[in-house]
Amino acid sequence: MLNTALGMIVIILAINIVYVTLFTIRMIFTLKGQRYFAALTSIVEVIIYIIGLGLVLDNLNRVENLIAYAIGYAIGVLVGMKIEEKLALGYITVNVITKEYEPDIPNALRDKGYGVTNWVAYGREGERMMMEILTSRKSEKSLYKTIKDLDPKAFIISHEPKTFFGGFWVKGIRR
C-alpha cells in the first residue's frame, strides 16, 4: 500500500489523525493532573508522530502528502475534542442567579444530589437568589437543564476549579 500514491495519502492521513488525537488527549490529562496517563499516552503519541513525519519527509516532492498531513492534523483536533467531551474529566463550579428570589430552588437542586450554597443577592431590579454549585463535568448538561426547568430566566456561568478542599463534596470524591 505504501507504493501507491493513494495508499500513502491514506496512511499519512490516518497516522496524523491518531497522532493529533493522542496529542489532544495527552494535553487534557496533563491539564487535569493525570500525569501517569499523560506519560503513557505520550509514548504512543511520539512513536506515531515520528512514523508519520518520516513518511512525509521522505516524500516531500508529493504535495498531496503534505495536504493529507494537514487535513489529518485538523481532523485529529476535532476527534480529540470529541473524545475529551465524552471523557468529561474533572469538575465545574456553576454560579446561578435567579430572575426572582425563589427559596425552593436550592432544595430542589439538593434533592437531585447537587451541593448548593446559596444566599440572597441584590441586583438592579431587587432581590435575587445566588447559588454556587459544584458538580462533575459529566453532570454539567443535566444540571443546566434542571436549572432552566426551575427558572428559565436564570443567569448561569461556570468555570473549572483547579483544586478544592473541605465541604461534603470532598468526602464523596475521595471514596
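Author: Start with the core. This is a predicted model. Its largest nonpolar core has 13 residues. Those with the most contacts inside it are Val94, Val96, Leu109, Met131, Ile133, Leu143 and Ile147.

Reader: Which elements give two or more residues to this core?

Author: Strand 1 (91-97), helix 4 (104-111), strand 3 (126-136) and helix 5 (140-150) do.

Reader: What makes a set of residues a nonpolar core?

Author: The residues must be buried, of a listed kind such as Val, Leu, Ile or Met, and joined through side-chain atoms within 4.5 Å. Leu143 is one of the core residues with the most contacts inside it. Leaving aside neighbours within four places in sequence, Leu143 is in contact with Val94, Leu109, Tyr114, Ile133 and Thr135.

Reader: What does a second, separate core include?

Author: It has eleven residues, including Ile12, Tyr19, Leu22 and Ala68.

Reader: Why does Asn95 count as buried?

Author: Buried means under 20% relative accessible area. Asn95 has 14% relative accessibility, so Asn95 counts as buried. Asn95 lies in strand 1. Leaving aside neighbours within four places in sequence, Asn95 is in contact with Met130, Met131, Glu132, Phe155, Ile156, Ile157 and His159.

Reader: Why is Val44 called partly exposed?

Author: Val44 has a relative accessible area of 42%, so Val44 is partly exposed. Val44 is found in helix 2 (residues 35-58). Val44 and Gly80 are 36 residues apart in sequence and 15 Å apart in space, C-alpha to C-alpha.

Reader: Now the surface. Which residues form a nonpolar patch there?

Author: Leu57, Leu60, Val63, Leu66, Ile67, Ile71, Ile75 and Val79 form it. Together they have about 650 Å² of accessible area. Helix 3 (residues 63-87) gives the most to the patch, with six residues. Val63 is found in helix 3.

Reader: What makes residues part of such a patch?

Author: Each needs over 30% relative accessible area and no salt bridge, and nonpolar side chains are joined within 5 Å.

Reader: Which residues does the UniProt annotation "transmembrane region" cover?

Author: The unreviewed UniProt entry gives residues 6-29, 36-57 and 63-81. Residues 6-29 are 100% helix and 0% strand, with end C-alpha atoms 35 Å apart. Residues 63-81 are also 100% helix and 0% strand, with end C-alpha atoms 28 Å apart.

Reader: Where does UniProt place the feature "domain: DUF5698"?

Author: The unreviewed entry places that feature at residues 24-81. The span is 88% helix and 0% strand. Its end C-alpha atoms lie 7 Å apart.

Reader: How do you know that Arg26 and Glu45 meet in a salt bridge?

Author: The rule asks for a side-chain nitrogen of Lys or Arg within 4 Å of a carboxyl oxygen of Asp or Glu. The side chains of Arg26 and Glu45 meet at 2.5 Å, N to O. That passes the cut-off, so the pair is a salt bridge. By this rule the count comes to eight salt bridges.

Reader: What does the pair of Arg26 and Glu45 tie together?

Author: Arg26 lies in helix 1 (residues 5-31) and Glu45 in helix 2, so the pair ties together parts that are 19 residues apart in sequence. Arg26 has 18% relative accessibility, so Arg26 counts as buried. Glu45 is buried too, with a relative accessible area of 6%.

Reader: What makes Lys32 and Glu160 a salt bridge?

Author: Their closest N and O atoms are 2.1 Å apart, and the limit is 4 Å. Lys32 lies in the loop between helix 1 and helix 2. Glu160 lies in the loop between strand 4 (155-159) and helix 6 (167-174). So the pair ties together parts that are 128 residues apart in sequence. Lys32, at 25%, counts as partly exposed. Glu160, at 44%, is partly exposed as well.

Reader: Why does Asp149 count as exposed?

Author: Exposed means over 50%. Asp149 has 54% relative accessibility, so Asp149 counts as exposed. Lys145 is exposed, with a relative accessible area of 53%. Asp149 forms a salt bridge with Lys145, the closest N and O atoms being 2.9 Å apart. Both lie in helix 5, four residues apart, about one turn of the helix.

Reader: Which residues do salt bridges that share partners join into one network?

Author: Lys99, Glu125 and Arg128.

Methods
Residues numbered from 1 in each chain as written. Predicted model: local features only at pLDDT ≥ 70, side-chain atom pairs only at ≥ 80, totals over all residues. Heavy atoms only, no water. Buried < 20%, exposed > 50% of the residue type's maximum accessible area, 1.4 Å probe, protein only. Contact = heavy atoms within 4.5 Å. UniProt positions renumbered as here; feature names shortened; annotations may be inferred. Patch = residues over 30% accessible without salt bridge, like charges linked within 9 Å, V, L, I, M, F, W, Y side chains within 5 Å. Areas by Shrake-Rupley, 256 points an atom, 1.4 Å probe, with all protein chains shown as cover.
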